[in-house]
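Subject: A structure for you to explore

Hello,

Here is the structure I promised to pass on to you. Please open it beside this email and follow along as you read.

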Amino acid sequence: MSELGNRLKEAREAKGLTLEQLQEITKIQVRYLVGIEEGNYSMMPGKFYTRAFIKQYAEAVDLVPEELFEEYKEEVPTTANDELPQNLSRVNSRRSLDGASSKVLDILPTILIAILVLAVAFLFWYFVYAKDSDPEKQSSNDTEQNSVYMKSDALNEKEQEKATEENANKDEEKVVEEEEKKVEEEEKPKQEITKKETEGRTTTYEVENAEKFVVKLVPTGKVWVDIQNGKNYSFFQGILEKDGSDTKEVDLSKETEANIIIGNSQVDVFVNDEKLELGDSSSRQDLVIKYVKEE
């Protein structure tokens, strides 16, 4: 067990939480929670998931994720890249310095034209230019300007680092949500309808792995039907006509069994939109459909 995993496990036990309860809180599967406590990050889907799962675990047991990442930074996988903002800042600095030199060159032709137009103006501008061109003063101006650029670079680097970290956190959360959704869909079993037995005119079916129990009758001709639950309570009894509006649908999700009596076979029977295979009899048929609810 890793030091970080032991720290998290102690915090979980201090709150009196089991791994199953922590799974309900964080929506992270137990196997990944065990992997975090054991420091077995190789079983994780990737670095994004590892950091995101550790963050969710820590928050659930009232620990500060950022402090854990800093304290155990040698143990926790990293995903951020700090080189790009620095490189961009250096490029911006060089462009700023080049722009300053270009401005000085733009002023020089104006001074030369003024010298040719008027001698007095030439003397005035000459002394002003000479004064402004003093090496010591120019050196002082350059130092101050470079100091301003350095401060600007430092601020840009911090802003870039902050933006990169925020984007990385958003990507981690999005990837975790998509992964959890995908895992839930993969692990969720599909509905299964099994024909158990046929005895006389009675056929028994069993419905498993279904979140609901909805029976729908679509007549293909004129037919008499009776839809009951397992206690012989009738939800519908009457004649259905093939006119496009006589389809009958009954939600039996609160029941464990449905008994359907059909006067003849001129009707299609659907359970949760899955069609049942009926016999070819033109006489009465009794269908018993048992609904095995999910635990």
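**Asp286 and its surroundings**

Leaving aside residues up to four places away in sequence, Asp286 touches Arg201, Thr202, Thr203, Ile260 and Ile261. Before you go further, please keep in mind that this is a predicted model. You can find Asp286 in strand β10, which covers residues 285-291. Is Asp286 buried or exposed? Its relative accessibility is 13%, and buried means under 20%, so Asp286 counts as buried. The side chain of Asp286 also makes a polar contact of 2.9 Å with the side chain of Arg284.

**The whole chain**

Now zoom out. The protein chain has eight helices and 10 strands. It contains 295 residues, and 33% of them count as buried. Its accessible surface is about 19400 Å², with 49% of that belonging to carbon and sulfur atoms. If you take the contacts with a separation of 6 or more, 61% of them are between residues 24 or more positions apart.

Next, have a look at the inside. The largest nonpolar core is made of 26 residues, and Leu4, Leu8, Phe53 and Ile54 have the most contacts inside it. Which helices supply at least two residues each? They are α1 (3-14), α2 (19-26), α3 (30-38), α4 (47-60) and α5 (65-71). Of these, α4 gives the most, with seven residues.

Not counting residues up to four places away in sequence, Ile54 touches Leu4, Leu8, Ile36, Tyr41, Phe69 and Val76. There is also a second, separate core of 25 residues, and among its members are Val215, Leu217, Ile262 and Val271.

**An open sheet**

Four of them form an open sheet with antiparallel pairing, in the order β6-β3-β8-β9. Which strands stand at the edges? They are β6 (248-251) and β9 (274-275); each has a single partner strand, so one side of each has no neighbour in the sheet. In general, strands of a sheet pair through backbone hydrogen bonds, and the pairing can be parallel or antiparallel.

Strand β3 (residues 214-219) is joined to β6 by four bridges, and the two run antiparallel. To see how they line up, pick Lys216 and look across to β6, where Glu249 stands opposite.

Enjoy exploring, and write back with any questions!

Best wishes

Key. Residues numbered from 1 in each chain as written. Predicted model: local features only at pLDDT ≥ 70, side-chain atom pairs only at ≥ 80, totals over all residues. Heavy atoms only, no water. Core = buried A, V, L, I, M, F, W, Y, C linked by side-chain atoms within 4.5 Å. Buried < 20%, exposed > 50% of the residue type's maximum accessible area, 1.4 Å probe, protein only. Contact = heavy atoms within 4.5 Å. Polar contact = N/O pair within 3.5 Å; in protein donor to acceptor, adjacent residues only side chain to side chain. Pairing = 2+ DSSP bridges. Areas by Shrake-Rupley, 256 points an atom, 1.4 Å probe, with all protein chains shown as cover.
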